[in-house]
Amino acid sequence: MTGHSDKPSTGRRRFLAGIGAGAAGAAMLAAGRPAAAFTVEPATGTAGAVLENALAEQRRHLAFRAEVRAEMVRQGATPERIEQALALMDCPLCGTRLGPDSISALPASERGEDTARG
């Protein structure tokens, strides 16, 4: 005889049941309030400067796209032809393709007419 009982240890069983009950209680408490681990704050310092530079570049792209679109409308180009031309043009300052991706980080409210096209 080894001295071990055929019954599982009641102390271990109580301990495991207590952990389960504690986890369930914590989950119920957490469900009643919003998660505090995720907050949205404005970028500051170096990250803020990098973001502002990227947005400034995209605003320049948006302005250039608007100039090209206005000139092509003045010349009677179709909307399809305008979009084809914009998709193939590069920014004269940085060389980035001026497709819809060149303004994708801007809020939709800033993209205006380009929001519906890309």
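Q: What covers the buried residues of H3?
A: The cover includes H2. Here contact means heavy atoms within 4.5 Å, and helices are DSSP runs (H or I, at least four residues), numbered from the N terminus. This is a predicted model, in which local features need pLDDT of at least 70, side-chain atom pairs count only at pLDDT 80 or more, and totals for chains, interfaces and linings use all residues. Residues are numbered from 1 along each chain as its sequence is written, and side-chain values use heavy atoms, with hydrogens and water left out.

Q: Which residues of H3 are buried, and what makes them lie on the same side of H3?
A: They are Ile82, Ala85 and Leu86. They cover an arc of only 100° around the axis, so they sit on the same side of H3. The arc is that of the directions from the helix axis to the C-beta atoms. On the other side of H3, Glu80 and Leu88 are exposed.

Q: Why does His61 count as buried?
A: Buried means under 20% relative accessible area, exposed over 50%, and partly exposed in between (1.4 Å probe, protein chains only). His61 has 2% relative accessibility, so it counts as buried. This residue is found in helix H2. Leaving out residues up to four places away in sequence, His61 touches Cys91, Cys94, Thr96, Leu98, Ser102 and Ile103.

Q: How do you know that the length of H2 agrees with what its 30 residues should span?
A: The expected span is 1.5 Å times one less than the number of residues. For H2 that should be 44 Å, and its end C-alpha atoms are 43 Å apart, so the two agree.

Q: How are H2 and H3 packed?
A: Helix H2 (residues 45-74) and helix H3 (residues 79-88) pack at an angle of about 145°, with their axes 10 Å apart. Axes are lines fitted to C-alpha atoms, for helices over the stretch in contact, and angles run from 0 to 180 degrees between N-to-C directions. H2 brings Arg65, Val68, Arg69, Met72 and Val73 to the contact, while H3 brings Arg81, Ile82, Glu83, Ala85 and Leu86.

Q: What else do the buried residues of H2 pack against?
A: Besides H3, they pack against helix H4 (108-111). Among these buried residues are Gly48, Leu55 and Gln58.

Key
Helices (H or I, at least four residues) and strands (E, at least two) are DSSP runs, numbered from the N terminus.
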